[in-house]
Amino acid sequence: PVRNICHRGCLCGSRRCLIAISRPFPRGGSAMMRTSAILYFALWFATFEAVAGSYRYGTLSWKHVEAERPNTVEFELITAWTRSFKWVYVRQVDSPDGSVRTLDSPPIVGDVLRVTGLTFADETGTKSTEMGSSSIVVKTGDGAQYFVDVQVTAYSASEDWVMGNFTFRHSYATPYDANAPFIPLYPDGFSYEASTGAQLAANQPFKHTAWVATFEGCCRAAVDSNVNNRGKPYKVHTMLDLTDRNNAPAARTLPVVTVPVAASADPMDQPMFYVMAKDQFTLGRMDPKAMSSQSSNFPGDDDIAAPLRYKLATAMDLHLAPDMYTQAAGVTVHSDSGMVTVTTNGAAPGFRQVAIVVDSGSSRTVIDMMVRVIPAACQPMPVNTSGVAYMGEMKAREMKMGWVGYGLSVPIWVASPCSAPDIVLNYVFASLSVEASSASANGIVYNSEPGGLDSQGMPMGAMLGSMAMDAIVDVRLTLDNPFSAHRPGHDAAVNKANRDYTNAPGAQALWDDGYRPVLMQGKTLADLDERALSATISFAAFNMNSGTGGAAVYMWVKRGSAEPAITEFAISTTEEEEEAAQRAGFMRLDTNVNEQSSSPDDVYVWYKKGSGAAITHVTLVDDALEGPFSGADFMPIAGYPNTAMEKRNLNSGTEMRKLFMYVKKAPQERVQRILHWVPQMAGHYIFCYSGSVLSDSSLASTQRCIDMDIRLDAVPSFVALPAQQTLMGKVLTFWVQFDDINHPDAEVMIGMDATQGQTLAGARFVGEPMHQVIDAARKRTMRMVEWFPDATYGGFDGKACFTAMNSDSDGATPASGCVDIRVERCKWFVQTEDTLIQIAARFASNWLQIWHFNPEILHPDSALPPSNEIWIGHLYEIEPNDVLSVLAERFGTSIRHIQLNNWGLSEQLTVGQHICIIPNSCVTAEHVVRT
């Protein structure tokens, strides 16, 4: 006889009471015991009358990692299961709200579950033994297998699923399973060689057989009576040849995607969504490469494009028997984009099981998921910030570009066309490609509860905030010692010496910044004089410390419609409550509400910008003056944690008045969230979401995905300019331009580079920087440079160099670029009111010489038109044997004078070179031979 102790542990059944541990009965025993045993067996066998599985979703992928052993890969298994199943816990985390959890509690984010199949649980019920007849494991294809411990990353209470990932590393002995010659078709240009052994292996082309890793078990969830493949085995696998690919595509989607019944048979009316998959190491939107195309010694097929290709899986694709898998009717997938179309016109509501294969070269990933068809009436839908439903491609997917270290904001709105109760947001946020092999590609999936779990599980730098019309987006407290507190007969009047906060310090600044005080019942802002705020605020603002003899404490709120709102408040009166609130992500207002009072308690207000409904109203109530508050849809603020929501007295610790705080939240028939994220690593990321009605899980929007290409912020790049030419005396202006990322926070600072090129005396930037958007990825910053080349720059031919760096580059090496500048020799650009005498003086010459070189000037006293070009000397072409000393003597000048009129002229002259010479006519006349 065997006694079967009822315990938890089998994923194959839906009953809690399953085989756990078998022990023999003591020999002998009463008839009653034997009868009980027979009856127990009968009841146990009855539990298997209809096996209803727990499996709902799965995908298995891998990537190569650097490790001590070669051929090491990291596998990641993402699965979803029935949440209400009685799970075996490997690890159980504390509840976010502080409530007590037991082994019967459903899984939450952070728990680790052992997927045990018919593997038995141990005595404690917290882990499984290795006994059993149907262990559910990952098999790597080379004989190794791994028990699956799922770390929960998501759950949906309304849809009864739990989702999580399992990651492990494995080293293969060889990079692929096996190889064989190219038979029967041998590659062109190759022939069989009469060789054996190592020589044959080194020269003959071979085709490879990839390793196949699998995760399989029984059984699929029977979520309704019509779903295809209900109760049948499931099997997801991935293929790997490390000579060809370094990863299999990573894929993410919600475990259940809801689509509506189409209004017509028009193909354009059929609902669609995307299965998001990406090569894990190829950044941007480029195709990955197949390194070997699963062959050896055959370079003809090496390094070819291996774009991702999608198709609906068949039983053969899933390595299942034909009677173990049937494709869902009316489902198609675009082979290039992964867009799934479900033909639902005339279709009956219900679930469809869909498996999609994603291939890239020799690597393969299977995505095994559920699609739910619902009536179109009252289905929530993603909308833009104007409340208008998305159309066309935007209905299913939106492309975004971002950069490491720069904030990215995306509105996430879902609305219901009907009057619906609370809508909750389901989403998956995952990295599909990574910056380096050492980085994690694990995805984050998450389902919010009505109150929101406040971005739990989001990647570093990300938060999912709430939005609502005129929501409260910030809160402050100020103190006051109003004169009215000293009037005779005032209750618990403050001592006149206690005047630390006279004139309500900080109140006026908050008012000017858009904050407004929370008022007493029956008061309006008209009861305040903003020109004399410090003197009138006590007449209308609610004093949160009223009746204690302490300072007046006023709460100020700021409203907004386009930024993350406050979603929760809490009140603490003990250090334990403060620690609990801080652990839960609350922020404290650092003003003791009982300031200067007789209370022994320090009372603090805490707030959080979470993922739940936005708070739109705050009301403060004095029970002694106004009686118990009964505002519709308002809820009291309690201590934290306080699951009973018992309201907390702001005058805690005193026997004075009872003061309470109440809030009202925005209705959730429209979910208004905003994703704020500062990416920490370049890669390809997706955020897929849907909104579902809390009270009716069949009402959910179709999945919409934000496809984010995150790139490194490289230093700005210089935009090359053509050579700039000018004259002495003519102002030169040109634009220095650098291209950088197209982000509003990426400000490029352009400066002059004194470390290279030439220094242009007097050069300066003019005006403010200008910006031009080049495309979605690039923005151009431009600065105008102005330079006046004086009389010493004739013949200048050099580079002016500039630097550019981001305003927050923190000491990074700046980018640089140079502009070629040339100044013509022997020409002057006439300035306003210039005369021949003034121009001659600039060049150490005389007006007769200047007049001589410009015969178009009819009279030396004639006014010189501004902006005219005149010659100031003679362009001389260097002849053989010319040296500066001989030229200086010949033209009655000096070497120094020649060099002053020729920028950078050295004494090494080149035949054919042109230089500017201003001769001295009086001196050269002495050398004239007269006949």
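**Exercise 1. In which strand is the place of lysine 827, and does this residue count as buried or exposed?**

Solution. This is a predicted model, in which local features need pLDDT of at least 70 and side-chain atom pairs count only at pLDDT 80 or more, while totals for chains, interfaces and linings use all residues. Residues are numbered from 1 along each chain as its sequence is written, and side-chain values use heavy atoms, with hydrogens and water left out.

Step 1: lysine 827 belongs to strand β52, residues 815–829; strands here are DSSP runs of E with at least two residues, and helices are runs of H or I with at least four, both numbered from the N terminus.

Step 2: the relative accessibility of lysine 827 is 15%, so this residue counts as buried, a class that means under 20% relative accessible area, with exposed over 50% and partly exposed in between (1.4 Å probe, protein chains only).

**Exercise 2. Describe what surrounds lysine 827.**

Solution. Step 1: leaving aside residues up to four places away in sequence, lysine 827 touches Leu727, Met728, Glu869, Ile870, Trp871 and Ile872, where contact means heavy atoms within 4.5 Å.

Step 2: its side chain also makes a polar contact, at 3.4 Å, with the side chain of glutamate 824; such a contact is a pair of N or O atoms within 3.5 Å, and within protein one must be able to donate a hydrogen and the other to accept it, residues adjacent in sequence counting only if both atoms are side-chain atoms.

**Exercise 3. Find the residues that touch the most other members of the largest nonpolar core.**

Solution. Step 1: a nonpolar core is a set of buried Ala, Val, Leu, Ile, Met, Phe, Trp, Tyr and Cys residues joined through side-chain atoms within 4.5 Å.

Step 2: the largest one has 40 residues, of which Phe75, Leu77, Trp81, Val148 and Phe215 touch the most other members.

Step 3: apart from this core lies another, of 35 residues, which include Cys826, Ile850, Ile870 and Cys916.

**Exercise 4. Work out the strand order of the open three-stranded sheet that contains β35.**

Solution. Step 1: the order is β35-β37-β36, with antiparallel pairing; two strands pair if DSSP finds at least two bridges between them.

Step 2: β35 (568–572) and β36 (587–588) are the edge strands, each pairing on one side only.

Step 3: five bridges join β35 to β37, residues 604–608, and serine 572 has tyrosine 604 in β37 as its bridge partner.
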